[in-house]
Amino acid sequence: MPKHVDPDARRRHVVDALFRVVVREGLHRTSLRAVADEAQLNIGSLRHYFASQQDLMRFAMQSMLDRVGSRLLEHVERIGDLGSHPRPEQLQLAAGLLAELLPLDEHRRAEVIVFLDFNTAARTTPAFRDLSHQAAEGTRSLMRRVLTRLDSEGTLRPGLDLDIEIERLTALLDGLSLSAVLHPEILSPRACVDVLLTHLGDLSLPMGTPASAH
C-alpha cells in the first residue's frame, strides 16, 4: 500500500529546506536540485509540488510572510488592551511586537535572510515584485497600527507627523535587520532591541508628563 503523504506538510518541509539552503548559500545559488538534496527528496518529488525554481521561491516567500503575519497576530493577542498598561510598559510591548521582524534568533535570522535575498532578486525579477510590494505594504501597515495605537493612548509626543514616523521606524527596522545579518559580531540582538526601545522612547512623552497633556 503506498505511503500517504500530506501535501501541505511536504511543502512546509521543502520550504524549511529552502530556507536552510538560502541561509547557507544565498538565493542566487539555490537550485531545485540543492533544495531537493537538503530535503532528502528526489528532484521528481520536488517537481510534483513546484514546477520551477521560481514557483518554489514564490511559495517560500509567501510562506515566510504568512508565518510572520501569524506570529504577529499571536503577539497582538497576548498584549491585549495596550491602554491597560503603564506608559513605559506600552513601549516595551510595542518594541516586543516590532522585534518579531528582527533577526534576534536563528529562526528569525533565517526569515530575514530570505526576505533580504528575495527583495534583492525582486528588483530585477518581475515575477517577484508583487510579493515584495506586499511585504513592504505589510510592514508599513504594522508600523501605522503600532504608532496610531500609541498615539491614541496619549503615549506619543504631540505634533508628530505619523506618516514620516512610519517611514523612519520602517527604515530603522530595515537597517537593524540588515546590519544584524551582515555583522552579528557588531550588532547583537540585545543592541537591536535597545536601539528600537530608544527610538520609541524618543517619540513618547517625557516620563512624568500626564497623557492628558497630549
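**Note on an all-helix predicted model**

1. Of the 33 residues in the largest nonpolar core, those touching the most other members are Leu 98, Leu 102, Leu 147, Leu 169 and Leu 196. A nonpolar core here is a set of buried Ala, Val, Leu, Ile, Met, Phe, Trp, Tyr and Cys residues joined through side-chain atoms within 4.5 Å. Buried stands for under 20% relative accessible area, exposed for over 50%, and partly exposed for what lies in between (1.4 Å probe, protein chains only). At least two residues of this core come from each of H4, helix H5 (87-98), helix H7 (129-152), helix H8 (162-182) and helix H9 (189-203). H8 gives the largest share, 7 residues. A second, separate core has 32 residues, among them Val 15, Leu 18, Ala 39 and Met 57.

2. On the source: this is a predicted model, in which local features need pLDDT of at least 70, side-chain atom pairs count only at pLDDT 80 or more, and totals for chains, interfaces and linings use all residues. Residues are numbered from 1 along each chain as its sequence is written, and side-chain values use heavy atoms, with hydrogens and water left out.

3. The protein has 9 helices and 0 strands. Helices (H or I, at least four residues) and strands (E, at least two) are DSSP runs, numbered from the N terminus. The C-alpha atoms fill a box of roughly 70 × 35 × 30 Å, taken along the principal axes. Of the 214 residues, 42% count as buried. Among contacts with a separation of 6 or more, 69% join residues 24 or more positions apart; contact means heavy atoms within 4.5 Å.

4. The accessible surface comes to about 11600 Å², and 54% of this belongs to carbon and sulfur atoms. Accessible areas come from the Shrake-Rupley method with a 1.4 Å probe, and for residues only the protein chains shown count as cover. The protein carries 25 positive and 29 negative charges, whose mean positions are 5 Å apart. Lys and Arg count as positive and Asp and Glu as negative, while His and the chain ends are not counted. Each charge is placed at NZ of Lys, CZ of Arg, CG of Asp or CD of Glu.

5. Leu 102, one of the core residues named in point 1, touches Arg 108, Val 112, Leu 173, Leu 176, Ser 177, Cys 192 and Leu 196, not counting residues up to four places away in sequence.

6. Helix H1 (residues 7-25) has 19 residues, which at 1.5 Å a residue should span 27 Å; its end C-alpha atoms are 26 Å apart, which agrees. The expected span of a helix is 1.5 Å times one less than its number of residues. The buried residues of H1 are Arg 10, Val 14, Val 15, Ala 17, Leu 18, Phe 19, Val 21 and Val 22. They pack against helix H2 (32-39), helix H3 (43-49), helix H4 (53-79) and helix H6 (106-122). Gly 26 follows H1 and has a positive phi, near 95 degrees.

7. The 24 residues of H7 should span 34 Å at 1.5 Å a residue, and the end C-alpha atoms of H7 are 34 Å apart, which agrees. Its buried residues are Leu 131, Ser 132, Ala 135, Thr 139, Leu 142, Met 143, Val 146, Leu 147 and Leu 150. The buried residues of H7 pack against H4, H5, H6, H8 and H9. Just after H7, Gly 154 takes a positive phi of about 75 degrees.

8. Gln 40 is worth checking by eye. Gln 40 is not a glycine, yet its phi is positive, about 60 degrees. Most residues other than glycine have a negative phi. Gln 40 lies in the loop between H2 and H3 and is exposed, with a relative accessible area of 73%.

9. Ala 110 in helix H6 counts as buried at 15% relative accessibility; its C-alpha atom is separated by 9.6 Å from that of Arg 24, 86 residues apart along the chain. Gln 90 in helix H5 counts as buried at 5% relative accessibility; its C-alpha atom is separated by 9.4 Å from that of Glu 153, 63 residues apart along the chain.

10. Ile 43 lies in helix H3. Leaving aside neighbours within four places in sequence, Ile 43 is in contact with Leu 32, Arg 33 and Ala 36.
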